[in-house]
Amino acid sequence: MIRITARIALDERDFEESFILASGPGGQNVNKVATAVQLRYPIDRAGMPEDMRARLETLAGQRLTKDGVLVITAREHRSQERNRAEALARLVELFQRASVAPKKRRPTRATLGSKIRRLDSKSKRASVKRLRGSTGDD
């Protein structure tokens, strides 16, 4: 079990891993060995609240299939083990980000001092521009 929060844990038995040929560096190794990992996890099995599920669906974007399966592909390393660890770390990080509810915005007002400073700077700038103008002696 991989613990996400105090109430939510992912069961490793629900993961489905498949190894595919990767592109990129590795020479002949790339052509012979399937080192890239495609990790699939059905998000229904996580047992999370609806608001967290909605955040997870938003964060996952294109990585979430219509069937509700989260697909993460890792192909940056030359070994299966490192790619597997990276895919798992990305999955856990995605679930952890979805578990944090965003803070509600509290509307604030500008302070009286900031309003006065803004108006003072505007009037100073206006006087500078006024002095640059023609003197009317023409």
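Visitor: Where do Arg90 and Glu86 lie, and how many residues apart are they?

Guide: Both lie in helix H3. They are 4 residues apart, about one turn of the helix. Helices here are DSSP runs of H or I with at least four residues, strands are runs of E with at least two, and both are numbered from the N terminus.

Visitor: What kind of model is this, and how are residues numbered?

Guide: This is a predicted model: local features need pLDDT of at least 70, side-chain atom pairs count only at pLDDT 80 or more, and totals for chains, interfaces and linings use all residues. Residues are numbered from 1 along each chain as its sequence is written, and side-chain values use heavy atoms, with hydrogens and water left out.

Visitor: What makes Arg90 and Glu86 a salt bridge?

Guide: The definition asks for a side-chain nitrogen of Lys or Arg within 4 Å of a carboxyl oxygen of Asp or Glu. For Arg90 and Glu86 the N to O value is 2.9 Å. The pair therefore meets the cut-off.

Visitor: Why can such side chains pair at all?

Guide: Opposite charges can pair when the charged atoms come close.

Visitor: Why is Glu86 called buried?

Guide: Its relative accessibility is 17%. Buried means under 20% relative accessible area, exposed means over 50%, and partly exposed is in between (1.4 Å probe, protein chains only). So Glu86 counts as buried. Its partner in the salt bridge, Arg90, has 27% and therefore counts as partly exposed.

Visitor: Which residues does Glu86 touch, not counting those up to four places away in sequence?

Guide: Ala74, Glu76 and His77. Contact means heavy atoms within 4.5 Å.

Visitor: How many salt bridges does the structure hold?

Guide: It holds 3. One of them joins Glu81 and Arg84, with the closest N and O atoms 2.7 Å apart. Those two residues lie 3 apart in helix H3 (residues 80–99), about one turn of the helix. Arg84 has 26% relative accessibility, so Arg84 is partly exposed.

Visitor: How do you know that Arg97 and Glu93 form a salt bridge?

Guide: Their N to O value is 3.7 Å. Being 4 residues apart in helix H3, they are separated by about one helical turn. Arg97 has 45% relative accessibility and Glu93 has 35%, so both count as partly exposed.

Visitor: Which residues does Arg55 contact, leaving aside neighbours within four places in sequence?

Guide: Ala98, Ser99, Val100, Ala101 and Pro102. Arg55 itself sits in helix H2 (residues 50–60). The C-alpha atoms of Arg55 and Leu94 are 9.9 Å apart, although 39 residues separate them along the chain.

Visitor: What is the order of elements in the chain?

Guide: From the N terminus on, it is β-β-β-α-β-α-β-α-α. That gives 4 helices and 5 strands. Of the 138 residues, 29% count as buried.
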